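Dear colleague,

Please find the structure below, handed over for your study.

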Amino acid sequence: MMKSGPSINTALSPSSSKPALVPTNTVSTKDGQTVRARIDPTLPVADVVRQLCQNLKVPDHPALYALRDEQDELITDENLRKKIKEKVNLKLVSSPVLEAVDIVEKLGGKWDDKNLKLALYSLQKYIQEEQFANEFLKRNGLAELLRVITFSHGNTLAYALKALQNLTSLDHGWTGIPTQFISKLIQIISNPHNLVNVSRPATAILKRLVEADPRLAPTATSNNQGNSNKDGNPFANTSGSGMPGSSGVNQGGVWNYGFDVVYDEMIKDGHESLEWGEKKQGIRVLETVVQRLSSGDANMAIDSMMLINALLKNASDRHWENLGFELERLNVRKAVVRLMASNTTEDLTSSILEFQANCISLAYRRKTTPIDTDSPYVRSALDLIWKSARLNPQGLQKSNKGRRQGHNWDDVDLNHYTGEENHVVNNDQDEYKDWEQLGFESDNMRVEFSRVGLLGLDCLKTLCLYDQEWFAETVLDQLSRPVERRCLVGKASNEVVELLSEHWAIYAPGYSTSSSFQPYFLTFYRIHAYTVKFFLRMWNESGAVASDFPRVAALVQSQIRVVLNDESRPWHEVERDLLNSEYREVRERQMRELELQDDLVRKPPVRNLRAKLYKDSFEFVRSQRILCLMQGAWFVNGLSIPNPGSGSIRESISIKRSPRPWRFFRLDKSMRYLHYIESAVKIPIRGGLEDLPERIDVSLLSEVVTNTCALPHNILPNGTTPSDVPPYSPGSPLVASPLSFSLMSTRGGSLADLVAENSTCFSDWIDGFNMLLGDHFTTKETAEFVQALTEIGLKIKLLDLSGERVEIPDSLPLPPLPLNTDFFFSDFE
């Protein structure tokens, strides 16, 4: 039972006859005593604690004590003023130094299950505090924590992993995690029988290690790691804190890991599997992570998706191809498409859109990577394509006996299967292969795939795997025709790759502006196969000749725009329009389109110009959106709406609603902190940061989630409220505002629940935050803005050319090689 004591004044003021001072806060002590205190907000917290200890006659030294609120948040010089203003109830408790000493002793001593769990539970809360973390790491606490993770299981393991996850959310303090522990972490994730509360923090830690890449370090950091091993602890002396001013610990940063370190350990943990008669090495942890995308637990699904995104985004030149092969083998795209169909909340949207952007970057990378005919993969793929046509060197087809007739899309291994049981590539016979019989213009495969690179080779190889019978019959049919009436199948396949790349804006890494799901892009190989069949059918039905190739390509491009314009269409309609549309109908629709379209924009040079202008527009809009964040804006503090069901990943960091409904945000010029002030009404805010006392560390932002909160009662932005979303009133259910969003924390929960005043502000800030976290947009307004700027820029460029009556050729002949080295490369693009 707490008892109330006298009021205490911590303000330093001269003693005089004045009215009684009004207490600002209530302070509770360890022994249950409660006192009312008037705290001077201008004092350092250390002075406040010292005066409290003196007035309460605490026998111990004041340095052994600290103040916390009822949610156990440590009171610091930065948040003291806010806690006083909000009249928060405070507690006089042991200092972070004492807490750290006590927890390290419990972790390093003889383990008692109950006390160990209590210590780990406290560690989860305190590890993110600088004072606690300094002392914890100085006393080799990280090594003890890693030891607990290595030898514990069940809930104890879950608590320990969550504590380490909270530590890795900082940008210091965990530089000494050794590679053998990364291997242990991968084993934990790989075990499909582990509980969700074990797998989730382990997955988040591994993602953080992938992102801690030396290539992304702001400055050069040291990589000092201890080598001693005392008391049998395999992780002794791994407590580098990287904190300025800490003694006896590593002063380096945490940029010691990265993609290569983690992926090498993943490969070591791999296992052999047998598919299509071929033994190959798989990566077990990726298999488990992809399987968890289909988990009924949305928390687990989003953590798995974020790990995959981190791997794709940070993949190095050494491993990016292997990672792409593995993810294709595991059919990760199909799993994500299922998530698109089943996702009923906003929580997974950002991660799915980021995955789409990463896939576009991967496709661009493969498209711009020239094929190397000396590469085992390329030679194997070319060998498969040749054998699928069933041709001998003279162009005659072989027997169908013993041949595969194609596979279901879900069963095709796109990266390893070659179509032969023994999987032997006979390099000596390459010189006898006449690639012109397969629909190429020459036998030089490097030149034939120069525009589409490895992506074009992948697509043609997949087409052969999917329907070998059709491919073989088509090749035979074209060979039986006069030369001038043949459709070059290989050339058509590559042209379709170009057309699909243009449709989905595969222009450069990091330039995806899609604000909606694109499930058909994730089935790129399948769409390619159907479109190639459409190309061949249009060629046959139109009676085309060799010179008509550009005309048929334009017809196919028109059909692609119509069929794939709406990505929400049912799959059977897309399949029908590509496989069963009649030439006459397609041609008539194209002619109507041509009446409104200039033929000039379809020329290859103009398409390349559009791609360059698209990237320029993207960068311009990116700068503009971030500039909006630096200018600042007012928002309403929304009422958080909890997500229904156990699959919710959204929790409020603080359940206490702010008494001030308005909040002004502004990003500083360094883009490291988001400064803000709360107010009962909108007030004038000067330029700069002087009027904004509070701030949020941008490094704590993990994602932006929309449609998450409701308008408070009687708060109407700009004096109006969307008619379809009424404001909250007591007794009525909370309805999410379409202009609401939440800033999600890397430590879990929401940092702020906000409602924008209008759709323009909503679009600017949502995509401004997205550009800080990753190069992608999510709103339709921003995507349309980028597209509009691109079209305007293109028209201006074309007006310059048309005004000078410049003829734009479809292609330029390559000049001969220089006769000597007396030349230099121009900087002009």
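A salt bridge is a side-chain nitrogen of Lys or Arg within 4 Å of a carboxyl oxygen of Asp or Glu. In this structure, Lys367, Arg451, Glu495 and Glu498 are linked in a network of such bridges.

Before the other findings, two remarks on the source are in order. This is a predicted model, in which local features need pLDDT of at least 70 and side-chain atom pairs count only at pLDDT 80 or more, while totals for chains, interfaces and linings use all residues. Residues are numbered from 1 along each chain as its sequence is written, and side-chain values use heavy atoms, with hydrogens and water left out.

**Salt bridges**

Side chains of opposite charge can pair when their charged atoms come close. How many salt bridges does a search of the whole structure find? The search finds 45.

One of the pairs is Glu287 with Arg329, whose closest N and O atoms are 3.2 Å apart. Glu287 belongs to helix H11 (residues 284–291) and Arg329 to helix H13, so this pair ties together parts that are 42 residues apart in sequence. Helices (H or I, at least four residues) and strands (E, at least two) are DSSP runs, numbered from the N terminus. Glu287 is buried, at a relative accessible area of 18%, and Arg329 is buried as well, at 12%. Here, buried means under 20% relative accessible area, exposed means over 50%, and partly exposed lies in between (1.4 Å probe, protein chains only).

A further pair is Arg390 with Glu469, with 3.3 Å between the closest N and O atoms. Arg390 sits in the loop between helix H16 (376–389) and helix H17 (445–448), and Glu469 in helix H19 (residues 468–479), so the pair ties together parts that are 79 residues apart in sequence. Both Arg390 and Glu469 are buried; for Arg390 the relative accessible area is 2%. The side chains of Arg390 and Glu469 also make a polar contact (3.3 Å). A polar contact is a pair of N or O atoms within 3.5 Å; within protein, one must be able to donate a hydrogen and the other to accept it, and residues adjacent in sequence count only if both atoms are side-chain atoms. Arg390 and Glu473 are 83 residues apart in sequence, and their C-alpha atoms are 9.4 Å apart in space.

Asp548 and Arg551 form another salt bridge, with the closest N and O atoms 3.5 Å apart. Arg551 is partly exposed, with a relative accessible area of 26%.

Glu326 lies in helix H13 (residues 320–329). Is Glu326 buried or exposed? Glu326 is buried, with a relative accessible area of 3%. The side chain of Glu326 reaches the backbone nitrogen of Ile283 at 3.4 Å.

Helix H15 (residues 349–367) has 19 residues, and at 1.5 Å a residue they should span 27 Å; the end C-alpha atoms are 27 Å apart, which agrees. The expected span of a helix is 1.5 Å times one less than its number of residues. H15 is mostly covered, with 16 of its 19 residues buried.

**Cavities**

The structure holds 3 cavities of 30 Å³ or more. On a 1 Å grid over the protein atoms alone, a cavity is a set of points where a 1.4 Å probe fits but cannot get out, and lining residues have an atom within 4 Å of a point. The largest cavity contains about 130 Å³ of space, a volume being the space filled by probe spheres set on the points.

The lining of the largest cavity consists of 14 residues, and Glu328, Arg333, Leu362, Arg366 and Tyr525 lie nearest its centre. Which helix supplies the largest share of this lining? The share of H13, 4 residues, is the largest. H13, H15, helix H18 (453–466) and helix H21 (524–542) each supply at least two residues.

**Positive phi values**

Most residues other than glycine have a negative phi. Lys87, however, has a phi near 55 degrees. Lys87 is in the loop between helix H2 (80–85) and strand E6 (90–94), and counts as exposed at 53% relative accessibility. Ala505 also has a positive phi, of about 55 degrees. Ala505 is placed in the loop between helix H20 (489–503) and H21, and counts as buried at 14% relative accessibility.

Yours sincerely

Conventions: 1 Å grid on protein atoms, 1.4 Å probe; cavity = no way out; pocket = protein on both sides within 12 Å on 5 of 7 lines; lining within 4 Å.
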